[in-house]
Amino acid sequence: MSDNAGDAEDAEEAKAGGPAQAPQAEQTQTPQAGPAPAPAGPAGPAGPAAGPAGQAAGPAGQAPFPPPPGAAAPPVAAAPRAPAVAPIAPGFAGHDPAAWHLWQMGQLRLRQQQAREEAAARAANSMWRRIRPAEAAPIHTATLVAVLAAGLTTAVVLGDGMGPGLLLAVLPAMVAAYAAARAAGRKARPWSLLWAAGCVALLTVPALRDSAWPSTLAILAAVLLAALALHGTRSWPGVLLAPLGFLDSAVSGVGWAWAGLRSRGGGAGRDRWVSVVKAALVAAVLLIVFGALFASADAAFADLLGGLLPDVSVGEGPFRFLLFLFGAVLALAAARTAAAPHRWDRVKSRQWKARSRVEWSLPLIVLNLLFAGFNAVQLAVLFGGYDKVLESTGLTYAEYARQGFWQLLWATVFVLAVIALALRWAPRGGAGDRRLVRSVLGTLCVLTLVVVASAVRRMDLYVDAYGLTRLRLSVVTMELWLGLVIVLLMAAGIAGGRWLARAVVGSAAATVLAFGLASPDGIIAEYNVTRYQQDNKLDLAYLRDLSSDAAPYLDRLPEPRRSCALMAIEADLRRASAAPWYATSLGEHRARRILRERPVTATVAECSRLGAYASRVE
């Protein structure tokens, strides 16, 4: 190993024009011929040097004599160089300990240098360095103003709750991202515009619905679409990892904004900022003075101002300041991402080894046969009726419908996982292999759609017997979306799958949007009220837990069931009576109007007798 290293150094010397013959001559010497003399000690200005430099050195153990005035400084001896070829090892005649030590130190430095170069090469080729965003241009003034507006709007409107205020707080952040993208020279693409429009549409759900669970889903979907709009990614790794880029952009965005503020802190920039601040302060003083005068002079104008402006107390100061920081940091993260997005499309998934046709297709063909047999049984049950099946299995109506649905839901999820893995291992030899993959996986997708239809039918039977709940509505919606994903997979197998990742995300966002706009609590209340009107079955204990979105449908119930169903909603609205307009959803507004026109009249004792406080299980 050491000889090879020495040969490598000799080759480098030969290329540089150095003595290429000396190492070869040394290799032919006998062990008795020692290596070239080497210095006995370290060289440098701290100690005496061997050779001509010794003429400038003083006696042993003393510092060199200073040169006479006007004379040139004596030359400094060069550091001893490690021999290119390994000297004689210990235990052989002619061994020189100093030369051997010097050669070992040279080899150590060589290995360290090689390790540093390899580490630098790995770091340069690492995934994180590949996806890291480019250096962003200095932050634009419009971006800074929009970030400040986002922080102030967040502190003002989100301190009292969600509702239309969420969309109002996000709009300045979108302006900041747009200004940063324009300053960086980025142009909007059709997919980015589509994601941005979907993000705005999803943020209208909290403004329309009082229920927390569809609003939460809408906010999460809006974050995903915002990440896709700002990053412009299209691959599966990019779609899944894009929201993580906001975390890094939030940290780097703070430094980006601080550097922009410091660059504007002096010279002409400072004069402009001072002028803007002065003008803003003067405008604020004028608004406060004349607004207070007009409010004291006219009660209608005072009531209008009281509804438009937030009621902020001194005790809420720390909380509002945290909201300001939160909104400003989020706006900075969006703007920094728009100026220099992470390059998630550079994340490449590992290519898996393709399998032979038999090895790949045999398990899937067996699975297709199993699905075909199950679907045949489902068709027989559909045409033969459920009574015979219940009699032969010993299950109740509810057990057959509910248990079957959950198993079929998991079967649909597992099929998607099987298809993803099968595509990784699919044979890729030519057109024949592609036809085989399409036929086998296409058959599996078609059979899975029958399973999806069977699962939805089972849930429909269960709901018809026991009513509709949030859990039942959400899982059947998820099952329908999984069926849509399978249809998209079939289309990708025919037309190519470059668009598949974005299409799946778009379908998920559209499903969440439709779910929120349809008012899930309203659908549940309407179904159960209609069911009560038909067969006189009603679960008051469950209806009491619904949000204000259900009030228009619960208002159709006869008394005292109407009052019992609306009693919890009325209590919640009473506690939130001081909420301003931007923290009140459309569902809350409708419920307040209904209860104001027809107040709750039933007592707790009456509702208790009707089972309104009974415990229940989903």
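## Nonpolar cores

A nonpolar core here means a set of buried Ala, Val, Leu, Ile, Met, Phe, Trp, Tyr and Cys residues joined through side-chain atoms within 4.5 Å. This is a predicted model, and its largest core of that kind has 53 residues, with M459, L546, L554 and L557 touching the most other members. Helix α19, residues 470-495, is the top contributor to this core, giving 9 residues.

Take M459 as a way in: once you set aside neighbours within four places in sequence, M459 is in contact with F405, R472, V475 and V476. There's also a second, separate core, with 52 residues, A180, A181, A340 and A583 among them.

## The second largest pocket

Now for some open space. The second largest pocket holds about 1300 Å³, and 46 residues line it. Look for A177, A226, L230, F246 and A334 if you want the ones nearest its centre. The lining residues split into 35 nonpolar, 6 polar and 5 charged.

Which elements give two or more residues to that lining? They are α6 (164-183), α7 (190-203), α9 (212-231), α11 (245-263) and α14 (317-339). The largest share comes from α6, at 9 residues.

## A look at α9

Helix α9 runs for 20 residues and spans 29 Å from its first C-alpha to its last, close to the 28 Å expected at 1.5 Å a residue. Its buried residues are P214, S215, A218, A221, A222, L225, A227, L228, A229, L230 and H231.

Conventions: Residues numbered from 1 in each chain as written. Predicted model: local features only at pLDDT ≥ 70, side-chain atom pairs only at ≥ 80, totals over all residues. Heavy atoms only, no water. 1 Å grid on protein atoms, 1.4 Å probe; cavity = no way out; pocket = protein on both sides within 12 Å on 5 of 7 lines; lining within 4 Å. Points joined across faces, edges and corners; volume = space filled by probe spheres on them. Helix = DSSP H or I, 4+ residues; strand = E, 2+ residues; numbered from the N terminus. Nonpolar A, V, L, I, M, F, W, Y, C, P; charged D, E, K, R; others polar. Expected span 1.5 Å × (residues − 1). Buried < 20%, exposed > 50% of the residue type's maximum accessible area, 1.4 Å probe, protein only. Contact = heavy atoms within 4.5 Å.
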